[in-house]
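This report covers the pockets of one protein model and the residues that line them.

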Amino acid sequence: MPIGTYYFTKGFLWGTATAAQQVEGRNFNNTWSAWEQEDGRILEGGKAGLACDWWGGRWREDFDRAQAASQNAHRLSIEWSRIQPAPDRWDEEALDHYREMLIGLRERKMTPMVTLHHFSEPLWLAEMGGWENEAVCELFTAFVRKSVSALMPYCRLWVPINEPNVFAFNAYVEGVFPPGKQDVKAALLVLQHMVQAHARAYHVIHELQPEARVGTAIHYRGFQPATWLPVDRWAAKAHHKLFNESFTRALHDGVFDVVYKKAALPEAAGTQDFLGLNYYTNDHVRFNPLAPGAFFTRRFFPEGALLSETGMIAHAPGGLIDAVKWGYRFGVPMIITENGVDDGEDDLRPQYILEHLHALWQVINDNYPIEGYFHWTLVDNFEWERGWTQHFGLWGLDRETQARLRRPSAELYAEICRTNGISSSFVEKYAPQVMQTLFP
Ligand code: BGC
């Protein structure tokens with residue numbers, strides 16, 4: 001059996017990613033805290049509650065954990081509704097709290113990356129029509145200016161908006177995120193406003209901090225035609241264009257061009273210093289004339305695919321290679337800003353991590369510019385409309401006691417971060433079933 005190590009580049013960022021609403025707890029003034037009060041919105045009636053109690057200070061022990069596990073970076077988000085609890089009020093204490101967290105990361109020799117909008121927003125904004133109201137662009141810019149001014153001594157990697165494509169789709173097409181609409185026209189308007197808001201944020205951040213590096217975190221989903229039929233190929237391509245491409249391309253070209261909506265947004269051109277890719281899985285796509293609401297398609301996982309615990313993710317590491325090759329055309333370095341799997345028993349995760357990182361190593365070896373990898377996520381957290389039913393953490397969480405339970409994957413990922421590579425010995429120990437594939 002061959003023995004060896006696939007090394008990553010020097011200075012590679014290794015971390016995990018989190019989001020405010022999912023880990024902080026005690027958020028009472030945002031769209032998700034209201035959403036979880038409504039019957040039937042969250043699976044099993046789940047509520048974020050204390051979450052991982054980061055607002056109560058448990059970020060310290062989790063950052064200790066991450067540091068002890070050789071992570072040298074962490075991606076977190078800040079909560080708009082805490083920093084701006086009312087349109088005319090800033091909460092300096094909330095900013096102090098985030099400042100302390102970023103200092104905490106630096107003290108642990110971890111590079112922070114800060115997301116400014118990760119699915120949740122203030123209730124007062126929702127009352128004004130949220131992202132459908134163009135005023136949001138101005139309001140978001142003011143929030144970005146305030147927050148970045150306060151936090152820039154400790155951070156230089158910024159993601160203005162996490163997964164605008166998922167947000168627009170889940171909140172305005174599927175209706176599973178607040179405000180729960182099913183209105184394609186509204187979704188496209190929201191996406192356009194997010195392009196405008198990103199562009200403004202980009203310029204404000206650079207005005208405040210010329211050395212800043214700003215990028216989006218786009219959710220890249222692979223769409224493969226289910227058959228060779230031209231209609232299936234058309235359907236897969238249309239999905240790709242709408243979901244993966246529309247937002248990202250607008251930040252490159254300054255043209256927002258999706259379905260029937262076309263707008264010149266020159267201020268958005270060239271507003272990425274890096275491209276963040278959130279990659280989880282691939283879909284197969286079949287044309288379906290009976291599903292206009294689903295853009296005339298049916299999406300599914302191929303038969304025999306290795307599925308995650310709740311069936312939400314099919315193990316498809318090759319899709320990460322496609323994502324990187326696609327992202328390359330935008331001409332900026334890339335960072336994998338999320339990648340992970342729901343797996344409370346840690347059955348699939350070691351293999352998932354190893355095969356995705358091996359795929360990533362391959363493209364790095366082909367000279368694709370990748371600067372880092374953030375695993376989703378550090379500790380089990382509140383998974384949006386799926387509540388507490390999914391377990392994406394390297395550590396599990398006992399919600400009664402707030403105890404963290406280390407999964408084997410936490411050790412595996414620590415070995416990878418520590419050696420800056422994937423060794424055959426890790427594969428043998430944590431996922432021997434892929435030894436032949438990774439070390440033929
Ligand atoms: C989101 C995360 C989420 C993860 C797993 C991503 O699309 O950015 O907030 O927890 O998927 O569901």
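## Terms and model

A pocket here is an open set of grid points, on a 1 Å grid over the protein atoms alone, where a 1.4 Å probe fits and protein lies on both sides within 12 Å along at least five of seven lines. Its volume is the space filled by probe spheres set on those points. The model is predicted.

## Second largest pocket

The second largest pocket holds about 230 Å³ of space. Its lining consists of Trp234, Ala235, Ala238, His239, Lys241, Leu242, Ser246, Asp257, Val258, Val259, Phe295 and Phe296. Two elements, H10 and strand E7 (255-258), each give two or more residues to this lining.

H10 is the main contributor to the second largest pocket, giving seven residues to the lining. By class, eight of the lining residues are nonpolar, two are polar and two are charged.

## Largest pocket

The largest pocket has a volume of about 990 Å³. It is lined by 44 residues, and those closest to its centre are Val166, Phe169, Asn170, Arg221 and Phe243. Two or more lining residues come from each of helix H8 (164-174), helix H9 (184-208), strand E6 (213-225), helix H10 (230-253), strand E9 (274-287) and strand E10 (297-300).

Which element gives the most to the lining of the largest pocket? That element is H8, with seven residues. The lining of the largest pocket comprises 25 nonpolar, nine polar and 10 charged residues.

Note on methods
Residues are numbered from 1 along each chain as its sequence is written. This is a predicted model: local features need pLDDT of at least 70, side-chain atom pairs count only at pLDDT 80 or more; totals for chains, interfaces and linings use all residues. Side-chain values use heavy atoms; hydrogens and water are left out. On a 1 Å grid over the protein atoms alone, a cavity is a set of points where a 1.4 Å probe fits but cannot get out, and a pocket is an open set with protein on both sides within 12 Å along at least five of seven lines; lining residues have an atom within 4 Å of a point. Helices (H or I, at least four residues) and strands (E, at least two) are DSSP runs, numbered from the N terminus. Ala, Val, Leu, Ile, Met, Phe, Trp, Tyr, Cys and Pro count as nonpolar, Asp, Glu, Lys and Arg as charged, and the others, Gly among them, as polar.
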